[in-house]
Amino acid sequence: MPQRGNQMTLTLILPGLNGSDDGHWQRFWLKDDANSRLVEQDDWKSPRIETWTKRLEEVLAQEGPAYIVAHSLGCLLAAKCADSPFARLIKGALLVAPCDLSTTENLHPGAIHFGRMPTRTLPFPTITVGSLNDIYMPLESLSLYCRLWRTPVKNLGQAGHINIESGFGRWTGGYGLLSLLEKKVKAQGNPGKFH
């Protein structure tokens, strides 16, 4: 069960391409944390950045300030929200196994319509989780984008894409990372200025 402390800020779960199937750690997170909500997209198989962003903005507008727990393409959705006026409602983001767009487009030709990789500094606190052997994000690309986003990186070693295929069902380590992020935000006192 995630340890959330005294505050009850909502956690928004952002899956990537094809959503997160049953058995994925994001689905367990939704079961384990009563204060988490899935940002449901109309089309998980052919994601379009405009549509996915609009949906996330609608949820933020409706729910108010929230933490984000994103996986793969969901991480890029969160990062692209740096340009949105709704970015101020993102208290912090746990970005797990972000994908490199060109690599992902090569692996799923014609499926993804997400424009270019986000490269600007993220205006909300983050922790990025990656691995040494993620087929969707070469290690050198992970290092580059984390520098550009100004996000600290937690490397899980030989963890693949941190998904069902690489053995990540219920992933309780993620709960501790979100708790760490929340503590950093609280200590900062002004989450919009934390990097």
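Phenylalanine 168 is buried, as is tryptophan 171, where buried means under 20% relative accessible area with a 1.4 Å probe and protein chains only. This is a predicted model, in which local features need pLDDT of at least 70, side-chain atom pairs count only at pLDDT 80 or more, and totals for chains, interfaces and linings use all residues. Residues are numbered from 1 along each chain as its sequence is written, and side-chain values use heavy atoms, with hydrogens and water left out.

**Aromatic pairs**
- The count comes to 7 aromatic pairs, a pair being rings of Phe, Tyr and Trp (its six-membered ring) whose centres lie within 6.5 Å, with planes under 30 degrees apart called stacked, over 60 edge-to-face and the rest tilted.
- Tryptophan 29 and tyrosine 175 pair edge-to-face, at 4.7 Å centre to centre and 85° between the planes.
- Because tryptophan 29 lies in helix α1 (residues 25-32) and tyrosine 175 in helix α6 (residues 173-188), this pair ties together parts that are 146 residues apart in sequence; helices here are DSSP runs (H or I, at least four residues), numbered from the N terminus.
- Tryptophan 29 is buried at 0% relative accessibility, and tyrosine 175 is buried with a relative accessible area of 5%.
- The rings of phenylalanine 168 and tryptophan 171 are edge-to-face, since their centres are 6.0 Å apart and their planes stand at 85°.
- Trp25, Trp29, Phe168, Trp171 and Tyr175 are linked into a cluster by ring pairs.

**Charge over a ring**
- The charged end of lysine 31 sits over the ring of phenylalanine 28, 5.4 Å from its centre (NZ of Lys or CZ of Arg within 6 Å of the ring centre and within 35 degrees of the ring normal).

How values were computed
Helix = DSSP H or I, 4+ residues; strand = E, 2+ residues; numbered from the N terminus. Buried < 20%, exposed > 50% of the residue type's maximum accessible area, 1.4 Å probe, protein only.
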